[in-house]
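Open the model in your viewer and keep the selection tool at hand. This tour goes stop by stop, from the overall fold to single side chains.

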Amino acid sequence: WLDVQHEQVGFREGSPVRLDVHQFFGYLDECRRHGHPPQAVCTDCLPLLGAAAELYRSNFMQGLSLRGAVVFDDWQTSQAELLRNQASGMLERLVSGYQKQNDLTQAIHYARQWLTIDRMNEETHRQLMTLYASTGQRQSALNQYQECVRLLKAGGVSPQAETTSIYQQ
């Protein structure tokens with residue numbers, strides 16, 4: 001099942017081993033074949049994107065390091081960044097898709113998952129505040145604003161006027 005070279009190890013093409021990363025990209029690729037713009041979401045995309053979201057739990061190979069393997073570390077870092085970017089885009093599409101279907105509970109679920117990947121994404125905080133308010137969860141919306149402000153201030157940034165406006169509403 002393994003293809004072992006002098007300085008590389010990988011899985012052989014067609015091996016029976018299932019890799020979550022391959023499944024993740026397979027779900028995203030299937031959505032791309034639906035014939036709509038890449039950021040659009042059709043009803044057939046939602047279950048595929050949801051399945052991909054289930055596979056993304058944390059950074060790629062988080063916690064694994066090989067002493068003195070700079071090339072490996074660079075590869076791992078670039079793969080983690082690629083997967084994180086793909087996961088962020090996928091979660092953004094899920095939030096948007098479920099909002100359009102008026103399934104705000106699912107939209108909230110995916111917005112919260114999105115924030116675990118990118119806690120400083122102020123747009124996601126705003127979306128979550130709006131979703132909470134739309135579902136009558138006023139205190140959760142207010143708490144989300146406070147969490148957003150706390151995170152931004154820790155990063156040396158103030159919230160945008162749009163975020164504060166949503167909070168005041």
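## Stop 1: the whole chain

The protein has 7 helices and 2 strands. This is a predicted model. Colour the chain from the N terminus and read off the order of elements: β-β-α-α-α-α-α-α-α. Now turn the view along the principal axes. The C-alpha atoms fill a box of roughly 60 × 40 × 25 Å. Of the 169 residues, 36% count as buried.

## Stop 2: the nonpolar patch on the strands

Select Trp-1, Leu-2, Val-4, Val-9 and Phe-11 and show the surface. Together they make a nonpolar surface patch of about 570 Å². Which strands supply at least two residues each of the patch? Both S1 and S2 do.

Pick Val-4 next. Val-4 lies in strand S1. Is Val-4 buried or exposed? Val-4 is exposed, because its relative accessible area is 54% and the cut-off for exposed is over 50%.

## Stop 3: the largest pocket

Now colour the lining by element. Strand S1 (2–4), strand S2 (9–11), helix H1 (20–32) and helix H3 (70–100) each supply at least two residues. Which element gives the largest share of this lining? H3 does, with 4 residues.

## Stop 4: two residues with positive phi

Met-61 is found in the loop between helix H2 (45–55) and H3. Check its backbone: phi is positive, about 50 degrees, although Met-61 is not a glycine. Most residues other than glycine have a negative phi. Met-61 counts as partly exposed, at 34% relative accessibility.

Follow the chain through H3 and select Asn-102. Where is Asn-102? Its place is in the loop between H3 and helix H4 (104–117). Phi of Asn-102 is near 65 degrees, again a positive value in a residue other than glycine. Asn-102 is exposed, with a relative accessible area of 59%.

## Stop 5

How many salt bridges does the structure hold? There are 7 salt bridges. One partner is Glu-122: the two side chains meet in a salt bridge at 3.8 Å, N to O. Glu-122 and Arg-126 are 4 residues apart in helix H5, so about one helical turn separates them. Glu-122 is buried, and so is Arg-126.

Compare the two ends of the bridge. Arg-126 has 6% relative accessibility and counts as buried, because buried means under 20%. Glu-123 is partly exposed, with a relative accessible area of 34%.

## Stop 6

Move on to Glu-147 and Arg-150. Their side chains meet in a salt bridge at 2.8 Å, N to O. The two residues are 3 apart in helix H6, so about one helical turn lies between them. Glu-147 counts as partly exposed at 26% relative accessibility. Arg-150 is partly exposed as well, with a relative accessible area of 45%.

## Stop 7

Finish with the helices toward the end of the numbering. Select Ala-133, Ala-141, Ile-166, Tyr-167 and Gln-169. Of the 14 residues that line the second largest pocket, these lie nearest its centre. The second largest pocket has a volume of about 220 Å³.

Which helices each supply at least two residues of its lining? They are helix H5 (122–134), helix H6 (138–154) and helix H7 (161–168).

Conventions: Residues numbered from 1 in each chain as written. Predicted model: local features only at pLDDT ≥ 70, side-chain atom pairs only at ≥ 80, totals over all residues. Heavy atoms only, no water. 1 Å grid on protein atoms, 1.4 Å probe; cavity = no way out; pocket = protein on both sides within 12 Å on 5 of 7 lines; lining within 4 Å. Points joined across faces, edges and corners; volume = space filled by probe spheres on them. Patch = residues over 30% accessible without salt bridge, like charges linked within 9 Å, V, L, I, M, F, W, Y side chains within 5 Å. Areas by Shrake-Rupley, 256 points an atom, 1.4 Å probe, with all protein chains shown as cover. Salt bridge = Lys/Arg side-chain N within 4 Å of Asp/Glu carboxyl O. Buried < 20%, exposed > 50% of the residue type's maximum accessible area, 1.4 Å probe, protein only.
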